[in-house]
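Hello,

Here is the structure I promised to hand over. Please take a look, then read my notes below.

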Amino acid sequence: MSEVHLLFHQPIADHSFSADRSLLAVSRDTKVELYKRSGSGFTLQDELAGHDKTVTSVDIAPNTGKIVTCSQDRNALVWEPSPTGWKPTLVLLRINRAATHVRWSPDETKFAVGSGARVIAVCYFEGENDWWVSKHIKKPLRSTVFSLAWHPNSVLLAAGSADAHARVFSSFIKGVDQRPDPTVWGERIPFNTVCGEYINSSGGWVHSVAFSPSGNALAFAAHDSSVTVVYPSAPEQPPHAVLSVTTQMLPFVTLCWTREDQLVAAGHDCHPVVFQGSMEGWRLAYSVDDPRKSAGSGASQESSALNMFRQMDLKGKSSVDDTNLKTIHQNSITILRPYEGGPGNITKFSSSGVDGRIVVFPVKG
Amino acid sequence: MATTNYRLIDVDALDPESAFPAELLTPPCDPIPTPQIQSLATHCRQLLQRGDQETALVTALENVPYGGDEQGKELHLGTVLEILSSIKAVEMSPLLGRLYASPSGTELLDVLTKYLYKGMARHNNSTSSSSTPGVSSHATGVSSVSGAREYGVAPGRGDGGGMSVLLSWHEKVVEIAGTGAIVRVMTDRRTV
């Protein structure tokens, strides 16, 4: 069953759970609120106020527990827990437009920040000066970077951008990264090498990108209501397959792989949708929280006589309440994150929406 | 110096690095010469005369001149509108169902939706080319200058299909292809 938490009546741009799922960080306008799990709900524990403009992205590192936030004020902050509360450290991003997305690398030594400055800033900690410095990935980005995803080897970085391309870059930093094993994306790859550049047939903005659990496939969701999965064969070679699934729904803005052959996507239709497939082909399998199955999710669907007369008395009409959407989320879903399950087999995922809700959905199959 | 309003200066326009040709965003399309579009138009007209509207529509929708020039695209639009207005109302839904079920059916319906919107835009070039029936059918005297509203005019060369025909097609297409088709019309950089 799905767990629904209505936190407040403001949009949630991004959310992140700690490794044991007891701490939830949620962006709320210019602040980040930290909630602690208490019983079956969440209570507000702390507030991280360091940004001047809307916070666009939050990420909690599973092992070290550090929180990185980025905002439209062109800054990113790294928050560390201390006995006296959370202490922020400024990160020198050197961007001149808003930061849109931030994610820790799997090994947590670096994080990447996408921005409207047509630049991705890959940041690592410099011990001598005790601050975080950044290296920029500029070419060949031509427009705002909407979303970033790390490959399991912590060196390859995928980026979805408003110039309609999904690209895979190498963010290898000497001194911070170990030389990675060769993958289908390439080997011996210096910083800012483009390992792959993909566009789908209509050329719409790429809202979200994600690597499969093994890292051998890349999925991206574009504004033409489609999800495309790319299977590369070898560096400098054309890929094995680029498979697009166009849907009848509104565009997806976020996606999350649950297994090597399954991914879940969500967006402006307010409910997640599961896609299944392999190198031979992908298809839309089913919807989680399907609005067509009016099994009374959330909003009361009592068709009792009492309710009917109450509606007639209050609102002068006897029809069922149609001011709420039939899905749990009442507005677009912004981010999906894995919640439960190992990296190759996610059983539950969490979603945050523009309606201020955090919902944990089971993948169900 | 005091009169320069710095906040209104478009910095991106002055920055040489941010200039890039819009073609980079569009997926590559081969150029199509206008005579080829003309021969396609005659071929479709022949199919229509024989009464085979379905094949005519499929042929017209499959061979979209994305790479053609303005004239070629206008020509093809005329062909498509002619075919659409020659199909009877009762035949629309079954025909669309068959089209959608065929492989690359979603692509065909997306292209059809693009032509419907382009057709509506030409009829309504004074107000916005919105498809909601409520908006477009009231001439509120906003601007009566640009061309007469042609409702249910008999189909002619390049002017086939009045607004009502296009609207009924639009209703049927969205029933089958969903809002995804409309989103793709708005997002797709390959314009008809």
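In what order do the elements of chain B run from the N terminus on? They run α-α-α-α-α-α-α-α-α. Chain B has 9 helices and 0 strands. Helices (H or I, at least four residues) and strands (E, at least two) are DSSP runs, numbered from the N terminus.

Before the rest, some ground rules. This is a predicted model, where local features need pLDDT of at least 70 and side-chain atom pairs count only at pLDDT 80 or more, while totals for chains, interfaces and linings use all residues. Residues are numbered from 1 along each chain as its sequence is written, chains are lettered from A and ligands numbered from 1 in the order in which they are written, and side-chain values use heavy atoms, with hydrogens and water left out.

More on chain B. Its 192 residues are 40% buried. Buried means under 20% relative accessible area, exposed means over 50%, and partly exposed lies in between (1.4 Å probe, protein chains only). The accessible surface of chain B is about 10,400 Å². Carbon and sulfur atoms hold 58% of that surface. Areas come from the Shrake-Rupley method with a 1.4 Å probe; for residues, only the protein chains shown count as cover. Now take the chain B contacts (heavy atoms within 4.5 Å) between residues at least 6 apart in sequence: 74% of them join residues at least 24 apart.

On to chain A. K135(A), K174(A), R179(A) and R188(A) form a positively charged patch on the surface. Patch residues have over 30% relative accessible area and no salt bridge; like charges are joined within 9 Å, and nonpolar side chains (Val, Leu, Ile, Met, Phe, Trp, Tyr) within 5 Å. A salt bridge is a side-chain nitrogen of Lys or Arg within 4 Å of a carboxyl oxygen of Asp or Glu. K174(A) sits in the loop between β16 (165–170) and β17 (194–199). K174(A) is exposed, at 74% relative accessible area.

- K139(A) and P140(A) are joined by a cis peptide bond, with omega about -5°. P140(A) lies in the loop between β13 (131–137) and β14 (145–150).
- R94(A) is not a glycine, yet its phi is positive, near 60°. Its loop runs between β9 (85–91) and β10 (99–104). R94(A) is exposed, at 56%.
- A164(A), also not a glycine, has a positive phi near 70°. Its loop lies between β15 (156–161) and β16. A164(A) is buried, at 1%.

Best wishes

Notes: Lys, Arg positive; Asp, Glu negative; His and termini not counted. Charge placed at Lys NZ, Arg CZ, Asp CG, Glu CD.
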